[in-house]
Amino acid sequence: MVEINLQDNLPDALYIAFASCTTVLVVMHTLALMISTCILPHVDTIAGLKRADLVDESPHEMLRSYIQLAWVLSTVTGIVLFMVEVVLLCWVQFYSYSINAAYASTGIVLPSLLIFGYMALKFYKNLNKHMEMNSQRDLSSLENVAEQLKGTIDGRRASKERTYSIIDMPQ
């Protein structure tokens, strides 16, 4: 892609689309790499301490949104942009020689993008379902703890009432 020979008779829109897509692709991957590189030392530091109580205090927990942004930029958007880049590259290379070759590359990539989109949505749906199940399990666990605490408090209150009634009984 870098050592491409551009012809003079290409439409300006094709040059602009190719240059823009290439630039956005490189900038986006560089940003994702920078985010990942900056967060990695925090994760390594906490992992090296081998203390579970520090995990909640780790900076990488506070930077969760940046980690997710880096993943989305690098994985989802990066793959889509790379596929678009391949199509644009074929158009730039084959526009003057064989426009049918450019159409063929577009025809191959478009179904691939649809399949990728379907798989990404399916994965995202499964991931959200898993997170929801974990949240439900955690909520259920908290409700059980609350019930146990309430039972303990009610038991102590009843025990105190019995004690008071025994003390207050006339002899």
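The accessible surface of the protein chain works out at about 13,100 Å² (Shrake-Rupley method, 1.4 Å probe), and carbon and sulfur atoms account for 65% of that area. This is a predicted model, in which local features need pLDDT of at least 70 and side-chain atom pairs count only at pLDDT 80 or more, while totals for chains, interfaces and linings use all residues. Residues are numbered from 1 along each chain as its sequence is written, and side-chain values use heavy atoms, with hydrogens and water left out.

As for the fold, the protein chain has 4 helices and 0 strands (DSSP runs, H or I of at least four residues for helices, E of at least two for strands, numbered from the N terminus). Read from the N terminus, that gives α-α-α-α. Of the 171 residues, 18% are buried (under 20% relative accessible area, 1.4 Å probe, protein chains only). Take the contacts (heavy atoms within 4.5 Å) between residues at least 6 apart in sequence: 69% of them join residues at least 24 apart.

Then there is the largest pocket, holding about 390 Å³ of space. A pocket here is an open set of points on a 1 Å grid over the protein atoms alone, where a 1.4 Å probe fits, with protein on both sides within 12 Å along at least five of seven lines; lining residues have an atom within 4 Å of a point. The volume is the space filled by probe spheres set on the points, which are joined across faces, edges and corners. Of its 13 lining residues, Trp71, Val72, Phe123, Tyr124 and Leu127 are the closest to the centre. Helices H3 (64-94) and H4 (99-168) each supply at least two lining residues, with H4 giving the most, 8 residues.

Key: Buried < 20%, exposed > 50% of the residue type's maximum accessible area, 1.4 Å probe, protein only.
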